[in-house]
Amino acid sequence: MRVALRLPATAGAGRAIAGVLVLLGLVAFLPAHAARADNPIIQTIYTADPAPLVHNGRVYLYTGHDEDGSTWFTMKEWRVWSSADMVNWTDHGSPLSLTTFSWAKSDAWAGQAIHRNGKFYWYVPTTNRATGQMAIGVAVSDSPTGPFKDALGRPLVENGEIDPTVFIDDDGQAYLYWGNPHLWYVKLNADMISYSGSATQIPLTAAGFGTRTGDANRPTLFEEGPWVYKRNGLYYLVFAAKCCSEFIAYSTAGSPTGPWTYRGTIMPTQGSSFTNHVGIVDYQGGSYFFYHNGALTGGGGFTRSVAVEKFTYGSGGTIPTINMTTSGAPQVGTLNPYVRQEAETIAWASGVETETSSEGGMNVGWIENGDYVKVKGVAFGAGARTFTARVAAASSGGRLELRLDGVDGAPAGTCTVPGTGGWQTWTTVSCSVTGATGTRDLYLKFTGGSGYLFNVDWWQFS
């Protein structure tokens, strides 16, 4: 269903920060004209609180969604994205929302998903309607992209604190950590939806989490957003530090329960969001640091956007200083244009948004004259001859121009999209292609008259 007016894109993820709304007026980190950079990695909505998961050769990214025009952490759903190359990200929509939990009232804030025993468990904080305080729920799915369902019909654990992170040690013991203003953990049972014993509070010592000055109630740097993992026998606890604005710091330990040793700053305070939130994974021989900022047009502390950087550990497993960039991570491999590609697989988008397609998955919509989608590192090889796309238009349609290496780059072909009688009434169009050889960045440029032109579900070259 179409809205009468196009809404600006937005982003999401939240946390309970009682404090100061300073920095809301700062200029966005990424200028609006820098539309061909690749960070932030999602541009169709505002996203926040990234939680990456590597599974079967892909990186799945679980995020929150800041509603457009938010002036608080207004979040109603969680979203999933995935990529095989770290630059072209496929939108899988929202397989989990507040309505999934019958007991939830509001606040779809920062969570994390993990895979075990053929199922995917997504731990999220939300406000319990019955108590009015934050609780941790768990949802389960047979697929990394959902749909997810409430595993318990009630909170898994509840003490008013937020930001769960989940970790399975080499011996099979799983741990759930969470907290703001304190830091807690429980030992999860093998079923991942129950735990043994009671919640244990981790001592927030200066040796373990650094020293904060100026706030007697928060003597250490730990603020929120813990991310726990193990690498080469060393346990890492990465977290949002201080407030406000936050920076990203980390501690390490020889066991999953500490004692922790503070190791310093990873990402200094920067960007135009006064919160930050981290997720770290290794993928295809590289290490990747996900975070959020307010870099998109209209972005800020309540309209955030997820970004990623590649990094290399130092000797002894130290994490270097990582700064925000507009270039992002380098591409891993290339994209194959000779198999069906979802239109919502995007390196950079301008103007468009996504929606659920009647034929399954998502489609690109809200397309107006001059909007475009960039797909990076497309391996055309000896050359493509034909382009085919699945399209729909309740209006008179328009043109889908194929451009190489820039939105106004070399033209490779143009498909005419007719009116089909509805935004979800699909047809297939094809056009001839010239000059598409080697590995190039592909721009799908949309042109036509006024108003919304058409939708695109998928495309493929031959």
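A search of the whole structure, a predicted model, finds 31 aromatic pairs. One of them joins tryptophan 459 and phenylalanine 461, with ring centres 5.7 Å apart and planes at 85 degrees, so the pair is edge-to-face. The cut-off behind that label is an angle over 60 degrees. The points below cover rings, strands and cavities.

**Aromatic rings**

- Tryptophan 459 is buried, with a relative accessible area of 1%.
- Phenylalanine 461 is buried as well, and its relative accessible area is 1%.
- Both residues are called buried because the label applies under 20% relative accessible area.
- Elsewhere, one aromatic cluster is formed by Tyr62, Trp78, Phe101, Trp103, Trp122 and Phe148.
- Tyrosine 313 has a charged neighbour: arginine 231 lies over the face of its ring, at 3.7 Å from the ring centre.

- Strands of a sheet pair through backbone hydrogen bonds, and the pairing is either parallel or antiparallel.
- Strand 15 covers residues 222-231 and runs antiparallel to strand 16, with seven bridges joining the two.
- Arginine 231 has leucine 234 in strand 16 as its bridge partner. This is the arginine that lies over tyrosine 313.
- Strand 15 and strand 16 form a hairpin, with two residues between them. In that turn, asparagine 232 has a positive phi of about 50 degrees.
- How many residues of strand 16 are buried? The count is eight of its eight residues, across the stretch 234-241.
- On to strand 17, residues 247-253: this strand pairs with strand 16 in the antiparallel sense, over seven bridges.
- Phenylalanine 239 stands opposite alanine 249 in strand 17.
- Strand 16 and strand 17 also form a hairpin, here with five residues between them. Lysine 242 sits in the turn and has a positive phi of about 60 degrees.

- Four strands make an open sheet in the order 11-12-13-14, and their pairing is antiparallel.
- Which strands are at the edges? They are strand 11 (165-168) and strand 14 (195-201), and each pairs on one side only.
- Ignoring direction, neighbouring strands of this sheet are turned by 20 degrees against each other on average.
- Strand 13, residues 184-188, pairs with strand 14 in the antiparallel sense over four bridges.
- Across these strands, leucine 188 stands opposite tyrosine 195 in strand 14.

- Strand 20, residues 286-293, runs antiparallel to strand 21, and seven bridges join them.
- Phenylalanine 289 stands opposite glutamate 309, a residue of strand 21.

**Cavities**

- How many cavities of 30 Å³ or more are there? The count comes to two.
- The largest cavity has a volume of about 70 Å³.
- Its lining includes Trp81 and Trp89.
- Also in the lining are Ile41, Ile42, Gln43 and Thr44, together with Asp91.

How values were computed
Residues numbered from 1 in each chain as written. Predicted model: local features only at pLDDT ≥ 70, side-chain atom pairs only at ≥ 80, totals over all residues. Heavy atoms only, no water. Phe/Tyr/Trp six-rings, centres within 6.5 Å; stacked < 30°, edge-to-face > 60°. Buried < 20%, exposed > 50% of the residue type's maximum accessible area, 1.4 Å probe, protein only. Lys NZ or Arg CZ within 6 Å of the ring centre and 35° of its normal. Pairing = 2+ DSSP bridges. 1 Å grid on protein atoms, 1.4 Å probe; cavity = no way out; pocket = protein on both sides within 12 Å on 5 of 7 lines; lining within 4 Å. Points joined across faces, edges and corners; volume = space filled by probe spheres on them. Axes fitted to C-alpha atoms, helices over the stretch in contact; angles between N-to-C directions.
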